[in-house]
Amino acid sequence: MDPTSEREDSSGQRGETRHRSTLALHINGTARTLTLDHRTTVLDALREHLGLTGAKKGCDHGQCGACTVIVDGRRANSCLLLAVAHDGACITTVEGLADGDRLHPVQEAFLARDALQCGYCTPGQICSAVGMLGEAADGFPSHVTEDGEDGSAPARLTAPEIRERMSGNLCRCGAYPRIVEAIEDVAP
């Protein structure tokens, strides 16, 4: 290995620069510059490089939703996203939803409805719910959206509609009824 191809990254680790890139991510409203291996996922960047451990590594295959965050206004499974491909992206984690000491309305509803048990999936459920509310407000239909709703108006969030839209987030404890109720509480 050519010693000139190595440099120290922001975490003090040395590595070949041809396998690393420096990128800027806007995390919870704060610009962060990271030098990461090209294979680093957004989830690993958040957890291992920035210490934001709200998003959880559940299945690491995009099947459970425990790692859900909001990327540029849309919910996404962060375990499937390469950080290098999201240079400049705005990412909101469960840690960034609150406004100071004031919880986001979805967070408040989850607490009020006791919409959690062990809590492992809760950050992903909450981020997914926030993203889903935005999608519905923008008129995006789901599989169960009633015929006649063409996306020109906000989607009506009935219990079946919420269940369908949240189906990518698994809760191993089975808190689904309370999760749906919490989302109904904040749905317009």
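The model is predicted, so local features need pLDDT of at least 70 and side-chain atom pairs count only at pLDDT 80 or more, while totals for chains, interfaces and linings use all residues. Residues are numbered from 1 along each chain as its sequence is written, and side-chain values use heavy atoms, with hydrogens and water left out.

The protein contains five helices and seven strands. Helices (H or I, at least four residues) and strands (E, at least two) are DSSP runs, numbered from the N terminus. Along the sequence their order is β-β-β-β-α-β-β-β-α-α-α-α. The protein has 188 residues, of which 43% count as buried. Buried means under 20% relative accessible area, exposed over 50%, and partly exposed in between (1.4 Å probe, protein chains only). Contact means heavy atoms within 4.5 Å. Among contacts between residues at least 6 apart in sequence, 52% join residues at least 24 apart.

Helix α1 spans residues 42–49, and its buried residues include Val42, Leu43, Ala45 and Leu46. Among the elements that cover the buried residues of α1 are β3 (20–27), β4 (30–37), β5 (68–71) and β7 (90–92). Just after α1, glycine 51 adopts a positive phi of about 70 degrees.

Isoleucine 27 belongs to strand β3. Isoleucine 27 is buried, at 5% relative accessibility. Neighbours within four places in sequence aside, isoleucine 27 contacts Arg32, Leu46, Leu50, Leu52 and Ile91. Leu46 is itself one of the buried residues of α1. The C-alpha atoms of isoleucine 27 and glycine 96 are separated by 7.9 Å. Along the chain, these two residues are 69 residues apart.

Helix packing was examined next. Two packed helices are described by the angle between their axes and the distance between the axes. The axes of α2 (residues 105–112) and α3 come within 10 Å and cross at roughly 130 degrees. Axes are lines fitted to C-alpha atoms, for helices over the stretch in contact, and angles run from 0 to 180 degrees between N-to-C directions. The helices α2 and α3 are therefore oblique to each other. Angles under 35 degrees count as roughly parallel, over 145 as roughly antiparallel, 65 to 115 as roughly perpendicular and the rest as oblique.

From α2, the contact uses Val106, Gln107 and Phe110. From α3, Thr122, Gln125, Ile126, Ala129, Val130 and Leu133 take part. These residues divide into six nonpolar, three polar and no charged. Ala, Val, Leu, Ile, Met, Phe, Trp, Tyr, Cys and Pro count as nonpolar, Asp, Glu, Lys and Arg as charged, and the others, Gly among them, as polar.

Glutamine 125 of helix α3 is buried, at 2% relative accessibility.

The structure holds 10 salt bridges. A salt bridge is a side-chain nitrogen of Lys or Arg within 4 Å of a carboxyl oxygen of Asp or Glu. One of them joins glutamate 135 and arginine 74, at 3.8 Å from N to O. Glutamate 135 lies in helix α3 (residues 122–137) and arginine 74 in strand β6 (residues 74–77), so the bridge ties together parts that are 61 residues apart in sequence. Glutamate 135 is buried, at 9% relative accessibility. Arginine 74 is partly exposed, at 41%.

A salt bridge also joins glutamate 161 and arginine 165, at 2.8 Å from N to O. The two residues are four residues apart in helix α4, so about one helical turn separates glutamate 161 and arginine 165. Glutamate 161 is buried, with a relative accessible area of 4%. Arginine 165 is buried as well, at 8%.

The side chains of arginine 156 and glutamate 146 likewise form a salt bridge (2.8 Å, N to O). Both residues are in the loop between α3 and α4 (159–165), 10 residues apart. Arginine 156 is partly exposed at 46%, and glutamate 146 is partly exposed at 45%. Finally, a network of salt bridges links Arg113, Arg178, Glu181 and Asp185.
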